[in-house]
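Trainee: I would like to go through the labels on this model one by one. Please set each value against its cut-off.

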Amino acid sequence: MFVKNNHMFTAPFSFEGRINRAEYGKSFGLYIVVAIIMNAIIANMLSQGALFLLLLYIPLVWFFLAQSVKRAHDLGNSGWYVLIPFYTIYLLFPLGQHGSNKYGPNPDGIGEDTYYSDNAPIDKV
């Protein structure tokens, strides 16, 4: 049913699944660095190429939203939680849910002796 993801950034633009704190932290840092660089370039450009760089923000924001949603899934929360102010910063700190949840298996493989069925974790028999 779920496929375990052992590789960082396997589907960085997908809103499905879960990612751990390490992958989210790297995504968060990458987003900040790229956004700062793009802002510096746009600030120094005249209007000629700035529109093109502004269009590059679309995939950058999509990437960050997708990674944030997957991190919210790791905590067992809906992806809509990322719309809460400062929630994306909060996502850097808590551990994810042990075992599988309705969004997929634990990305660290912790607690995989249970599976998720009908809104409740159930031990395998």
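Trainee: Why are Tyr24 and Phe28 said to be separated by about one helical turn?

Mentor: Because Tyr24 and Phe28 are four residues apart in helix 1. Helices here are DSSP runs of H or I with at least four residues, strands are E runs of at least two, and both are numbered from the N terminus. A caution on sources: this is a predicted model, so local features need pLDDT of at least 70 and side-chain atom pairs count only at pLDDT 80 or more, while totals for chains, interfaces and linings use all residues. Residues are numbered from 1 along each chain as its sequence is written, and side-chain values use heavy atoms, with hydrogens and water left out.

Trainee: What makes Tyr24 buried?

Mentor: Its relative accessible area is 0%. Buried means under 20%, exposed over 50%, and partly exposed in between, with a 1.4 Å probe and protein chains only. Phe28, at 18%, therefore also counts as buried.

Trainee: How many aromatic pairs does the whole structure hold?

Mentor: The search finds eight. One of them is Phe15 with Trp62.

Trainee: Why is the Phe15 and Trp62 pair called edge-to-face?

Mentor: The ring centres are 5.1 Å apart and the planes stand at 85 degrees, so the pair is edge-to-face. Rings of Phe, Tyr and Trp (its six-membered ring) pair if their centres lie within 6.5 Å; planes under 30 degrees apart are stacked, over 60 edge-to-face, the rest tilted. Phe15 sits in the segment before helix 1 and Trp62 in helix 2 (residues 47–74), 47 residues apart. Phe15 is partly exposed at 27%, and Trp62 is partly exposed at 45%.

Trainee: What makes the Tyr24 and Phe28 pair tilted?

Mentor: Its planes are 45 degrees apart, with 6.1 Å from centre to centre. Ring pairs also link Tyr24, Phe28, Tyr31 and Phe64 into a cluster.

Trainee: Which residues touch the most other members of the largest nonpolar core?

Mentor: Tyr24, Leu60, Tyr87 and Leu91, out of 18 residues. Helix 1 and helix 2 each give two or more residues to this core. Helix 2 gives the most, with seven. Such a core is a set of buried Ala, Val, Leu, Ile, Met, Phe, Trp, Tyr and Cys residues joined through side-chain atoms within 4.5 Å.

Trainee: What does Leu60 contact, leaving aside neighbours within four places in sequence?

Mentor: Tyr31, Val34, Ala35 and Met38. Contact means heavy atoms within 4.5 Å.

Trainee: How do you know that Arg18 forms a salt bridge with Asp74?

Mentor: The closest N and O atoms are 2.8 Å apart. The cut-off is a side-chain nitrogen of Lys or Arg within 4 Å of a carboxyl oxygen of Asp or Glu. Arg18 lies in the segment before helix 1 and Asp74 in helix 2, so the pair ties together parts 56 residues apart in sequence. Both Arg18 and Asp74 are buried.

Trainee: Where does Arg71 lie relative to Asp74?

Mentor: Both are in helix 2, three residues apart, about one turn. Arg71 is buried at 0%, and Asp74 at 3%. Shared partners join Arg18, Arg71 and Asp74 into one network.

Trainee: Why does Ile41 count as partly exposed?

Mentor: Because its relative accessibility is 38%. Ile41 lies in helix 1 (residues 21–44).
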